[in-house]
Amino acid sequence: MSVGDRVRIEARRAAWAWGEAFAATQFALLRFTHRDAPIPLPVWQRAARRVRATTNRRELLVRSPSPTSAQQARLPAPLAAALGSTTLGHWSLDAETVRWLWRAGLRDAPRRIVECGGGVSTVLGACLLREQGDATSGHLVTLEQDAAYAAALRERIAALALTPWVTVLDAPIASDGNYRFDPAVVLDQLTGTADWLLVDGPRESRDLTVPSLAAVARTGTRWFLDDALDAPYFANVEQWAEWPGLQTDGIVAVGKGLATGMVTNPSAATAAVLGR
Ligand SMILES: C[S@@+](CC[C@H](N)C(=O)[O-])C[C@H]1O[C@@H](n2cnc3c(N)ncnc32)[C@H](O)[C@@H]1O
């Protein structure tokens, strides 16, 4: 390799490292300023513009938290016991998002939860419900796209004696990229409308998840979307900020970004899905 080639490679490497460091600093500053609160989308958009203007980096402020063993994740005791040595943050929710949701759950005390994409989040939701009452007053419905994964998840939940709090529904992906599910079945399992919607799936696209789940929500249902700083999901959150019947509060600076907001008018939100 010529000296010129080596210099070019080193220059590219330095530019990449500078971009990563600058983006990480922007993320850390936002996190320091806003702490645990959702940060409004325009604030993220301005930070991303600063990164693009100052570096070669084109992505949003994504940081990929290193996968951690749940044993090392400083989790509250009930969760630590249930998750054992599970790896957090690869396919699943990462450790800080798990801790954030646990705190939010103890504060909001949701009794009915619907989630998209099961796994660690299912254990988290079930432990949260168990912590706050028996199964007669709390239930989690998981929409899961992969039948084999759903069966394994049911076994995992049974081994933890959490089955009374959880229903894992097979919800294959329809041609529009959305889960195929019957809102009436979800409402029946929940015995009412959802207090929380937690979206961490499907693998393919999440663009209609929260709008479609408004069919099982009420005014005031809180929604969450994990991985919200990944460009396609950030675009979904921007879209939902304009969606009839939905309110977007912003993205919390944990993990790869946890977007949150509320359903303000369930029928307007679901009608807009049909109009697409
Ligand atoms: C982002 S994952 C959902 C993770 C889940 N909410 C959690 O906290 O563990 C979305 C979907 O990917 C699939 N999935 C989960 N783990 C996987 C793995 N290790 N490899 C491939 N697909 C996986 C499942 O179908 C899941 O519903």
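A word on the model. It is predicted, so local features need pLDDT of at least 70 and side-chain atom pairs count only at pLDDT 80 or more, while totals for chains, interfaces and linings use all residues. Numbering runs from 1 along each chain as its sequence is written.

Now the domains. The protein chain is assigned domain 1 (3-54) and domain 2 (68-274). Those bounds come from an automatic or database domain assignment. The C-alpha centres of the two domains lie 29 Å apart. Ten residues from domain 1 and eleven residues from domain 2 take part in the contact. Contact here is defined by C-beta atoms, placed from the backbone, within 7 Å.

Which elements give two or more residues to the side of domain 1 that touches domain 2? They are helix H1 (3-34) and helix H2 (41-54). Helices (H or I, at least four residues) are DSSP runs, numbered from the N terminus. H1 gives the most to that side, with four residues. The residues of that side divide into seven nonpolar, one polar and two charged.

Next, helix pairs. The axes of H1 and H2 come within 10 Å and cross at roughly 155°. That makes H1 roughly antiparallel to H2. Axes are lines fitted to C-alpha atoms over the stretch in contact, and angles run from 0 to 180 degrees between N-to-C directions. Under 35 degrees counts as roughly parallel, over 145 as roughly antiparallel, 65 to 115 as roughly perpendicular and the rest as oblique. Phe22, Ala23, Gln26 and Leu30 in H1 meet Val43, Ala47, Arg50, Val51 and Thr54 in H2. By class, that contact has six nonpolar, two polar and one charged.

Second pair. The axes of helix H4 (residues 95-108) and helix H5 (residues 120-131) also come within 10 Å, crossing at roughly 25°. H4 and H5 are therefore roughly parallel to each other. H4 brings Val98, Leu101, Trp102 and Gly105 to the contact, and H5 brings Val120, Leu124 and Leu128. Six of these residues are nonpolar, one is polar and none is charged.

Definitions and conventions: Two residues are in contact if their C-beta atoms, placed from the backbone, lie within 7 Å. Ala, Val, Leu, Ile, Met, Phe, Trp, Tyr, Cys and Pro count as nonpolar, Asp, Glu, Lys and Arg as charged, and the others, Gly among them, as polar.
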